[in-house]
Amino acid sequence: MINEEGSMDSVISIDYFEHVIPNYNNLTFEQAKQWLIEHNIIGKNSKASTMSYRIPTQAVSSIHALRFVDVLPVVKDTIILPSEFTKITGSDFDIDKLFLTRMNY
């Protein structure tokens, strides 16, 4: 669950990066994904660029650094995390929210 740099690998919907990718609205999903890979924002050469925290936050275990290894076609506000995330953070599938804050590109 925790990668070699101490962050958590995850997959997120590509619209999370719509303000980062130049000319986003005129690109296909594959073109936009390739741009993210070439700029090391996602993929095997990327670094953790986002902090996530669960609301309600109960302890340090509710906060994690995320590295994005792939993106999904636009499925607004979707993120895929390791299955252990639910147990570690104390999520309980009711109205918990995961907030993300990322680097300014």
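This is a short walk through one predicted model, strand by strand and then along a helix.

I'll start with strand β1, residues 8–13. Five of its six residues are buried, so β1 is largely enclosed by the rest of the structure. As for its partners, β1 pairs with strand β3, residues 63–72, in the parallel sense, over six bridges. Within β3, Leu-72 is the residue that stands opposite Ser-13. β1 also pairs with strand β4, residues 79–80; here the two run antiparallel and two bridges join them. Val-11 has Ile-80 of β4 as its bridge partner.

Val-75 is in the loop between β3 and β4. Is Val-75 buried, partly exposed or exposed? Its relative accessible area is 43%, so Val-75 counts as partly exposed.

Next, helix α1, residues 29–38. Its buried residues are Ala-32, Lys-33, Trp-35 and Leu-36. These cover an arc of only 155° around the axis, and therefore lie on the same side of α1. What do the buried residues of α1 pack against? They pack against β3, the strand that pairs with β1 in the parallel sense. On the other side of the helix, Glu-30 and Glu-38 are exposed. Just after α1 comes Asn-40, with a positive phi of about 55°.

Now to the surface. Met-51, Tyr-53, Ile-55, Ile-63 and Phe-99 form a nonpolar patch there, and together they have about 400 Å² of accessible area. Strand β2, residues 50–55, gives the largest share of this patch, three residues. Phe-99 belongs to strand β5, residues 97–102. With 38% relative accessibility, Phe-99 is partly exposed.

Where the patch is on the surface, Ser-52 is buried, because its relative accessible area is 0% and the cut-off for buried is under 20%. In a regular strand, side chains alternate between the two faces of the sheet. Which residues does Ser-52 touch, leaving aside neighbours within four places in sequence? Its contacts are Ser-62, Ile-63, His-64, Leu-66, Leu-98, Phe-99 and Leu-100. Two of those names, Ile-63 and Phe-99, came up in the patch.

That is the end of the walk.

Notes. Residues numbered from 1 in each chain as written. Predicted model: local features only at pLDDT ≥ 70, side-chain atom pairs only at ≥ 80, totals over all residues. Heavy atoms only, no water. Patch = residues over 30% accessible without salt bridge, like charges linked within 9 Å, V, L, I, M, F, W, Y side chains within 5 Å. Areas by Shrake-Rupley, 256 points an atom, 1.4 Å probe, with all protein chains shown as cover. Salt bridge = Lys/Arg side-chain N within 4 Å of Asp/Glu carboxyl O. Helix = DSSP H or I, 4+ residues; strand = E, 2+ residues; numbered from the N terminus. Buried < 20%, exposed > 50% of the residue type's maximum accessible area, 1.4 Å probe, protein only. Contact = heavy atoms within 4.5 Å. Pairing = 2+ DSSP bridges. Arc of directions from axis to C-beta.
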